[in-house]
Amino acid sequence: MLRSTLAWLGTLALYLLLAGAAGTHEVATGIVVAGLTTAWAGRIRTEAKRHFRFSRVHLAPWSRALAGLGSATLRTGATLARAILVGTHPGHAHRRPFRRGPEDEPAERARRAGAVLLASLAPDSFVLRADPGRDEVLIHVLGESPPPADPRWLA
């Protein structure tokens, strides 16, 4: 019950923040949206065939990736501007090692999903393919980027 209440309050606060106002209409709409979102999330948690379990250990890679978004966006903008001016194609696809881990563990599922999301969230790369059973991914990158130091994370 506490999880649902916190999810509802968080969703309502986020809705009001993004709406930019806290008038009667926005609050009423936010209450409905937060209720529907919380009900949807609760149903997914109870009926999903696959479960994910996020760990505090996952916070460090997420923090590093999100902290680097600003500089990566500037680098990508410069690379694309150079490509427009010179007429080159800066992108290429290559394989990176990626330790998948056991398929049936919720913590490993969460780590894999987070790693693929973070690699695709960066403005200069995205995952093209992450086949089950293979300890590598095919990733598209603009410019040159070194492989990650930890093969469990792609960003």
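The largest cavity holds about 30 Å³ of space. The model is predicted: local features need pLDDT of at least 70, side-chain atom pairs count only at pLDDT 80 or more, and totals for chains, interfaces and linings use all residues. Residues are numbered from 1 along each chain as its sequence is written, and side-chain values use heavy atoms, without hydrogens and water.

**Cavity**
- Searching the whole structure gives 1 cavity of 30 Å³ or more.
- A cavity is a set of points on a 1 Å grid over the protein atoms alone where a 1.4 Å probe fits but cannot get out; lining residues have an atom within 4 Å of a point.
- A volume is the space filled by probe spheres set on the points.
- R95, R129, D131, R134, E136, V137 and L138 form the lining of the largest cavity.
- Strand β3 (residues 136-142) gives the most to this lining, with 3 residues; strands are DSSP runs of E with at least two residues, and helices are runs of H or I with at least four.
- The lining of the largest cavity has 5 charged, 2 nonpolar and no polar residues.
- Ala, Val, Leu, Ile, Met, Phe, Trp, Tyr, Cys and Pro count as nonpolar, Asp, Glu, Lys and Arg as charged, and the others, Gly among them, as polar.

**Second largest pocket**
- The second largest pocket contains about 200 Å³ of space.
- A pocket is an open set of points with protein on both sides within 12 Å along at least five of seven lines.
- Its lining consists of I44, R45, A48, R50, H51, F52 and F54.
- By class, the lining of the second largest pocket has 4 nonpolar, 2 charged and 1 polar.

**Helices α1 and α2**
- Helix α1 (residues 2-19) packs on helix α2 (residues 24-47) at about 140°, with axes 8 Å apart.
- Axes are lines fitted to C-alpha atoms, for helices over the stretch in contact, and angles run from 0 to 180 degrees between N-to-C directions.
- That angle makes α1 oblique to α2; under 35 degrees counts as roughly parallel, over 145 as roughly antiparallel, 65 to 115 as roughly perpendicular and the rest as oblique.

**Helices α3 and α5**
- Helix α3 (residues 59-67) and helix α5 (residues 106-121) cross at roughly 5°, their axes coming within 10 Å.
- That makes α3 roughly parallel to α5.
- P61, W62, A65 and L66 of α3 meet G114, L117, L118 and L121 of α5, where contact means heavy atoms within 4.5 Å.
- This contact has 7 nonpolar, 1 polar and no charged residues.
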